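Work through the exercises below with the sequence and the model open. Each task is followed by a solution in steps.

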Amino acid sequence: MKIFIRMATALVLFSSGAFSQTAADAVDAHLIAARNAAGFDFTGTLARLCIAPPLVTGVRDAAPGPAPTRETWFAEPAKVFDNLYFVGSKIHSSWALTSSEGIILIDTLFTYNSEEEIVGGLKKLGLDPAKVKFVIITHAHGDHVGGAKLLQDKFGSHIVMGGPDWDSIEKSVNGYPLGKPKRDIVADDGQKITLGDTAVTIVTTPGHTPGTLSMLFTVKDKGRPLTVAYSGGTAFNFPSTVPNFDIYINSQRKMAAAAAAANATILMSNHSEFDGAASKIKMLAGRKAGEPHPFEVGAEAVARYFKVSEECAEVSRLKLKAP
Ligand SMILES: [Zn+2]
């Protein structure tokens, strides 16, 4: 792990040219803080955010590429908590939160795999996709919003998204060759999306995109209620500017505080790369009576997750300010 981080420091310094010793020391301090926060729990997040993240010059409005072959993405659905079901792919997550009045779906994968993974996955699990009443989209990138139009058109599901991300869909020229979801519910900070006996609390966390949504909700493990902190946007693929990193850093702190106030002991993201969902679901299959749930990492680890994203963003921000 030590070599790993030294390499990262070297890469950071290389790419930014002349760098004062003080600036280099400050970068090192943030890298060490990020490494310590990651521990063995969040190495994927550390690798993606702290090791030479890309310098981004602008937002692209690219058309989606061709669909990759099925074996690169297909994953079986799984029941993960009493009231939470995984209907995602090998790489991306989509979750069905069940309630007394239907289903709240969180994120919708790509257009090319949402029908098989989400609609097909719900059916395999014995759930009715027509009962998806709300779909919460964490942000309008193709790997999370791809199935929103399908659910809206086919089942009349209400789509919940941040206002700036609805705007970006409407402005997009190339991003939605098969059609766009129609503007529906614009999420507000602190808003509760309530369905029967269940509610999801929205925490707006701009940064990854201007309208990124994170959230808090309750799951049950054999009847025991546990709080999930769901992080809606992680990577630094927004234009690399100091003000954008300031916004991102503030959102990590805001979500960490919201998670702590709610005593969240589970951290979820929409990429297995960041929260280990794919391997945790495999571990769950071998769970014996009395063993902890693999997703229940504890409040201290949830806090460390947001420290990793905050500290790595500090590194990138410092690089932009140097020398
Ligand atoms: Zn994204």
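**Exercise 1.** Find which residue stands opposite Ile-185 of β7, and follow the pairing of the strands around it.

Solution. Step 1: the residue opposite Ile-185 in β7 is Val-160. This is a predicted model, in which local features need pLDDT of at least 70 and side-chain atom pairs count only at pLDDT 80 or more, while totals for chains, interfaces and linings use all residues. Residues are numbered from 1 along each chain as its sequence is written, and side-chain values use heavy atoms, with hydrogens and water left out.

Step 1: three bridges join β6 and strand β7 (residues 185-187) in the parallel sense. Two strands count as paired if DSSP finds at least two bridges between them; strands (E, at least two residues) and helices (H or I, at least four) are DSSP runs numbered from the N terminus.

Step 2: between β6 and β7 the chain passes through helix α8 (residues 163-171), a β-α-β crossover that is right-handed. The term applies if, with the strands pointing away from the viewer, the path from the first strand over the helix to the second runs clockwise.

Step 3: β6 also pairs with strand β5 (residues 132-136), again in the parallel sense and over three bridges. Here Phe-134 has His-158 of β6 as its bridge partner.

Step 4: of the five residues of β6 (residues 158-162), four are buried, so the strand is largely enclosed by the rest of the structure. Buried means under 20% relative accessible area, exposed over 50%, and partly exposed in between (1.4 Å probe, protein chains only).

**Exercise 2.** Describe the aromatic pair of Trp-73 and Tyr-112.

Solution. Step 1: the structure holds 14 aromatic pairs. Rings of Phe, Tyr and Trp (its six-membered ring) pair if their centres lie within 6.5 Å; planes under 30 degrees apart are stacked, over 60 edge-to-face, and the rest tilted.

Step 1: the Trp-73 and Tyr-112 pair is tilted, with 5.9 Å centre to centre and 55 degrees between the planes. Trp-73 belongs to helix α4 (residues 70-73) and Tyr-112 to helix α5 (residues 111-124), so the pair ties together parts 39 residues apart in sequence.

Step 2: Trp-73 is buried, at 7% relative accessible area; Tyr-112 is partly exposed, at 32%.

Step 3: Arg-70 lies over the face of Phe-74, 4.0 Å from the ring centre. For such a contact, NZ of Lys or CZ of Arg must be within 6 Å of the ring centre and within 35 degrees of the ring normal.
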